[in-house]
Amino acid sequence: MKGTELKQEDLEGLFKGLLDKKAVDCLVLPHKVGNNVAYMLVKDGDKIESPAASAIFAPSFGVNAANIVKGWTIPERVGIVAKPCEIRAAIELIKLKQMDKESVLLISADCSGAFTNQDYADHAGEIGDWVDSAKINELKGKGIAIREACAICENRLADVGDIIIERVDGGKVLVAGITDMGDEALSSTELSLEDKDVERQAEKEKIAADAKKEKEELPKMSSVEELEEFLRDCIACKNCRDMCPVCYCKECFFEQPLGKPVGGDLLNLAELRSAIGVPTNQLLYHLTRIYHVCTTCVGCGACEDACPKDIPLTRLYPLIAKKVQEIFEYVPGEDAEEPLPFITYEEEELEDKLR
Amino acid sequence: MEEAKEGFEPKIIGFTCNWCTYAGADLAGTSRKKYPPNIRIIRLMCSGRLDPMFVLKVLLNGADGVFIGGCHPGECHYIKGNFYARRRIAALRTILKQFGLDDRVRSEWISASEGDKFARVMKEMAEDIKKLGPNPMRDKIL
């Protein structure tokens with residue numbers, strides 16, 4: 001891969017360059033809002049705040065950035081600077097034909113795990129803009145823990161998208177293109193690029209091993225009764241669906257008469273079963289949604305953040321999705337050219353999974 | 001409890017494809033094979049038409065078992081419908097397994113000439129589900 005090492009404060013120059021040289025028409029990137037971090041869509045490079053690095057690496061998760069560009073089918077090219085899980089979601093959306101591959105430039109930045117937006121704002125001083133795993137453990141000791149979805153995330157290093165921003169020793173960053181589109185965009189910014197190859201396999205394996213350990217410690221469900229209890233507080237607001245980057249139907253089944261019965265339909269159901277719980281269909285909704293996102297779920301945990309009733313949905317969606325992804329040996333968001341598991345097949349496969 | 005299980009006749013919902021398994025069921029009937037009358041068949045044009053939500057819905061609505069039947073892989077009337085179905089069923093079963101629901105779901109490839117196999121599978125399935133007992137979802141307020 002071709003790239004260059006930059007000082008952190010040179011990052012805003014890079015983003016400005018991408019905009020000025022028309023490598024992208026606009027850019028979605030995080031910026032600081034008071035103590036917190038939020039995304040903005042920038043047209044004019046002068047609006048990029050300095051230092052850009054402090055917002056990009058700030059360990060705060062509010063909304064999945066892929067959600068912002070979902071449905072971006074216009075020819076104007078948008079660049080997204082986000083965490084690997086968000087870029088992975090964007091790649092899944094390209095496969096799901098929810099945006100055009102040519103009109104998004106995906107830039108992923110290293111992540112060490114993030115705090116919820118609220119936790120980050122409350123403890124911004126202690127957490128800071130640049131955390132590593134040692135710092136995260138130290139904060140955990142003080143009772144400030146990263147999101148569960150981040151604790152079990154095996155893909156925190158930037159290795160997907162068109163351009164990657166890696167953190168390297170000495171507080172510097174390595175910017176490199178990993179696709180032709182990324183290379184083109186980077187070379188248009190007049191940076192002097194050279195061949196770079198950073199070996200991070202050992203770090204990657206350590207992250208994955210730690211994440212697996214964390215995952216094993218999570219409580220598991222084993223019966224539908226336990227699922228019922230788990231979802232006891234669900235009010236069927238469907239915010240988990242709305243905030244999910246890879247849930248994309250124009251009209252969800254659970255907004256249609258069969259999925260969301262009203263009036264006579266509701267009364268008929270009650271008559272059929274003598275009594276029904278209302279709002280209806282929580283169990284069917286969540287089970288169906290697990291199936292719908294089971295191959296594409298990137299495990300970002302946006303569903304859990306979105307739940308107004310604080311149901312720990314990370315223990316439901318990413319955990320079960322991972323099991324399904326394992327049988328197809330599929331990792332979501334690796335490569336925009338790889339077909340989704342449900343639109344391809346092998347002639348001989350999976351027979352042992354059918355009974 | 002045991003007594004209740006004794007007299008328990010499970011309700012099994014079967015989703016079968018028009019070209020193979022449904023014809024297989026037909027053959028079982030016309031050749032006077034005996035099998036338990038617990039299955040209610042819903043005929044689909046292809047096992048690829050099966051939306052996994054159908055299975056989730058019938059299970060939550062209290063069906064004691066779900067049977068899914070299709071042509072043998074490679075013999076689909078629509079060439080590749082059952083290849084897609086196989087992936088979906090595998091994913092669905094992986095999910096159901098997490099909640100212990102997969103015991104109530106059985107999928108088999110049964111061709112139009114396999115009336116014997118259809119009758120045998122029905123017999124086995126009725127016995128298996130009888131052992132499991134009624135679906136606890138049946139009487140729940142959902």
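Let's start where two chains meet: helix α14 (residues 282-293) of chain A packs against helix α3 (residues 52-60) of chain B at an angle of about 155 degrees, with their axes 10 Å apart. Axes here are lines fitted to C-alpha atoms, for helices over the stretch in contact, and angles run from 0 to 180 degrees between N-to-C directions. That angle makes α14(A) roughly antiparallel to α3(B). Angles under 35 degrees count as roughly parallel, over 145 as roughly antiparallel, 65 to 115 as roughly perpendicular, and the rest as oblique. The model you're looking at is predicted, and local features need pLDDT of at least 70, side-chain atom pairs count only at pLDDT 80 or more, while totals for chains, interfaces and linings use all residues. Residues are numbered from 1 along each chain as its sequence is written, and chains are lettered from A and ligands numbered from 1 in the order in which they are written. As for the labels, helices (H or I, at least four residues) and strands (E, at least two) are DSSP runs, numbered from the N terminus.

On the chain A side, the contact is made by L283(A), L284(A), L287(A), T288(A) and Y291(A) of α14(A). Facing them from α3(B) are P52(B), M53(B), L56(B), K57(B) and L60(B). Contact means that the C-beta atoms of two residues, placed from the backbone, lie within 7 Å. The spacing in those lists has a simple background: an α-helix has 3.6 residues a turn, so residues three or four places apart point the same way. α14(A) passes α3(B) in a right-handed crossing; a crossing is right-handed if the near helix is turned clockwise from the far one by less than a right angle, and left-handed if anticlockwise.

Now for the whole meeting of the chains: 29 residues of chain B are in contact with 27 residues of chain A. On chain B's side, α3, α4 and β4 (105-109) each supply at least two residues. The largest share, 13 residues, comes from α4(B).

So what does helix α4(B) look like? Helix α4 (residues 81-98) of chain B has 18 residues and reaches 27 Å from its first C-alpha to its last, close to the 26 Å expected at 1.5 Å a residue (the expected span is 1.5 Å times one less than the number of residues). It's mostly covered, with 17 of its 18 residues buried. Buried means 20 or more other C-beta atoms within 10 Å of a residue's own, exposed means 12 or fewer, and partly exposed is in between, with C-beta atoms placed from the backbone. After α4(B) comes G100(B), whose phi is positive, near 65 degrees.

One partner of α4(B) is helix α16 (residues 317-327) of chain A, which packs at about 140 degrees with the axes 9 Å apart. That makes α16(A) oblique to α4(B), and the crossing is right-handed. Here I320(A), K323(A), V324(A) and I327(A) meet A90(B), A91(B), T94(B), I95(B) and Q98(B).

Chain B has a helix pair of its own, too. Helix α2 (residues 21-30) and helix α5 (residues 115-132) of chain B pack at about 90 degrees, with their axes 7 Å apart. That makes α2(B) roughly perpendicular to α5(B). Further along, helix α5 of chain B also holds E127(B), which is exposed, with 12 other C-beta atoms within 10 Å.

Over in chain A, look for an open sheet of eight strands in the order β3-β2-β5-β6-β8-β9-β1-β10, with mixed pairing. Its edge strands are β3 and β10 (194-195), each pairing on one side only; two strands pair if DSSP finds at least two bridges between them.

At the β3 end, β2(A) and strand β3 (residues 36-42) of chain A pair in the antiparallel sense over seven bridges, and V28(A) stands opposite L41(A). Their hairpin has two residues between the strands, and G34(A) takes a positive phi near 60 degrees there. Strand β2 (residues 26-33) is also joined by three bridges to strand β5 (residues 78-82) of chain A, and these two run parallel.

Toward the other end, six bridges join strand β1 (residues 2-7) to strand β9 (residues 172-177) of chain A, which run antiparallel. L6(A) has V173(A) as its bridge partner. Helix α1 (residues 11-20) of chain A packs on the sheet, touching β1, β2, β5 and β9. β1(A) also pairs with β10(A) in the antiparallel sense over two bridges, with G3(A) opposite E194(A).
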